[in-house]
Amino acid sequence: MSHAGIGAILLTTVLALTNGCSGPLLVRDGELLRITRSAPGRDADKTAPGQPVRIGWLGTACYFIQFGEVALMTDPYFTHHSLGQVGFGRIRSDPELVERKTGKLPTPQAIFVGHTHYDHTLDLAEMISQRRWDGVPIYGSASLENLLCGYGGHRVSSWRGAATDGNWHTVGPGLEYQALCSEHAPQIDGILLYAGQIGQPLKSRPTHAADFKVGDTYAYLYRLSQGAKQFTIYFADAAATPPLGFPDVMVEHVDLAILCVPGWRNVKGYPQGIIRRLRPRHILLSHYDDFFQTDGRRTREVPTAELGAFIRVVQGCADYPEFESILVPGVDAVMQIAAVAAPRAAER
């Protein structure tokens with residue numbers, strides 16, 4: 001199907017169901033809404049000794065996560081385009097915006113990409129070039145490798161195939177990961193836009209949203225360690241039908257689950273299945289900002305996210321003893337969560 005044909009599907013389905021409207025977020029940019037269980041000792045993160053884990057949300061599924069000297073980044077995307085431009089026009093990374101969003105970030109040990117839609121990868125090459133991060137490994141699918149070819153061969157040298165064998169893989173001191181085979185929920189009425197693989201190396205820079213096909217979709221587990229402290233994160237940049245995106249074995253001590261909101265109505269058992277599987281201490285709601293918004297005003301909720309209803313579903317299944325809070329950040333919010341003592345090797 002042509003770019004225009006795919007764009008027409010996008011515009012007609014989204015506009016018909018949302019009437020072109022999206023509402024303001026529950027929190028303003030840079031703010032954080034924390035929903036906690038009222039019980040003695042629940043506010044442990046404010047008093048726990050030692051260095052906390054810092055989680056900065058840069059919008060959509062882009063996070064910069066740091067624990068001491070250990071840092072990682074996910075799904076770099078900052079440059080918004082209007083719905084009409086995504087459907088019918090050309091899209092490109094905005095160098096000035098990338099500089100503004102990432103100029104003060106330290107070098108991460110790795111960058112992880114869950115899938116290759118444009119709202120997860122558009123600014124990746126520009127960010128690497130500006131920050132001179134060519135040596136930073138970029139983990140993702142074969143489609144990601146082929147996408148990076150369009151930006152020049154030197155970009156591809158940073159690509160690493162995400163390992164989905166169920167084992168922990170060491171990236172560097174204090175950082176391990178597992179990649180979990182998952183899926184991308186249909187966006188509208190059973191339709192997955194920009195489906196399929198980027199099956200061949202691109203010969204030039206991608207210029208249309210349809211060039212950024214979804215590829216294989218992964219969820220990730222990250223394990224960050226500093227001395228005797230450890231912090232485990234589950235990260236899903238797309239809603240998925242259980243058990244897709246589940247780890248093969250039970251994982252102990254999941255501190256934070258970052259869960260994608262859009263698409264949750266279009267799959268069964270999400271987010272309940274993964275919450276009950278992982279029993280995370282904290283649940284962070286993600287990717288619900290309007291990535292079609294270009295007016296520079298207060299950030300809005302993306303059409304069809306239904307964030308309020310999603311929060312109620314999460315509240316209904318976060319009824320286990322380990323649960324501490326639901327986190328609803330505004331764009332550019334920075335959260336701090338205490339790490340806990342690492343379990344002994346025999347317990348892993």
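Mentor: Let us start with Asn 146, which is found in helix α6, residues 142-149, and keep in mind throughout that this is a predicted model.

Trainee: Is Asn 146 buried or exposed?

Mentor: Asn 146 counts as buried, because its relative accessibility is 10% and the cut-off for buried is under 20%.

Trainee: And which residues does Asn 146 touch, leaving aside those up to four places away in sequence?

Mentor: Asn 146 touches the run Ile 198, Gly 199, Gln 200, Pro 201 and Leu 202, once residues up to four places away in sequence are not counted.

Trainee: Switching to another helix, why is α5 described as largely enclosed?

Mentor: Helix α5 covers residues 124-131, and six of its eight residues are buried, so the helix is largely enclosed by the rest of the structure. The buried residues are Leu 124, Ala 125, Glu 126, Met 127, Ile 128 and Arg 131, and just after the helix Arg 132 takes a positive phi of about 55 degrees.

Trainee: At what angle do α3 and α5 pack?

Mentor: Helix α3, residues 95-102, packs with α5 at an angle of about 65 degrees, and the two axes are 10 Å apart; the crossing of α3 past α5 is right-handed.

Trainee: Which residues make that contact?

Mentor: From α3 the contact uses Pro 95, Val 98, Glu 99 and Thr 102, while α5 brings Glu 126, Met 127, Gln 130 and Arg 131. Sorted by class, the contact of α3 with α5 comprises three nonpolar, two polar and three charged residues.

Trainee: Okay, on to the strands. What is the order of the open sheet?

Mentor: The open sheet has seven strands in the order β7-β6-β5-β4-β3-β2-β15, with mixed pairing. Its edge strands are β7 (159-161) and β15 (334-337), each of which pairs on one side only, and neighbouring strands are turned by 25 degrees against each other on average, direction ignored.

Trainee: How many bridges join β2 to β3?

Mentor: Five bridges join β2, residues 53-59, to β3, residues 62-67, and these two strands run antiparallel; as one example, Arg 54 has Gln 66 of β3 as its bridge partner.

Trainee: Last one: how many helices and strands does the chain have?

Mentor: The chain has nine helices and 16 strands, and 54% of its 348 residues count as buried.

Notes. Residues are numbered from 1 along each chain as its sequence is written. This is a predicted model: local features need pLDDT of at least 70, side-chain atom pairs count only at pLDDT 80 or more; totals for chains, interfaces and linings use all residues. Side-chain values use heavy atoms; hydrogens and water are left out. Buried means under 20% relative accessible area, exposed over 50%, partly exposed in between (1.4 Å probe, protein chains only). Helices (H or I, at least four residues) and strands (E, at least two) are DSSP runs, numbered from the N terminus. Axes are lines fitted to C-alpha atoms, for helices over the stretch in contact, and angles run from 0 to 180 degrees between N-to-C directions. A crossing is left-handed if the near helix is turned anticlockwise from the far one by less than a right angle, and right-handed if clockwise. Contact means heavy atoms within 4.5 Å. Ala, Val, Leu, Ile, Met, Phe, Trp, Tyr, Cys and Pro count as nonpolar, Asp, Glu, Lys and Arg as charged, and the others, Gly among them, as polar. Two strands pair if DSSP finds at least two bridges between them.
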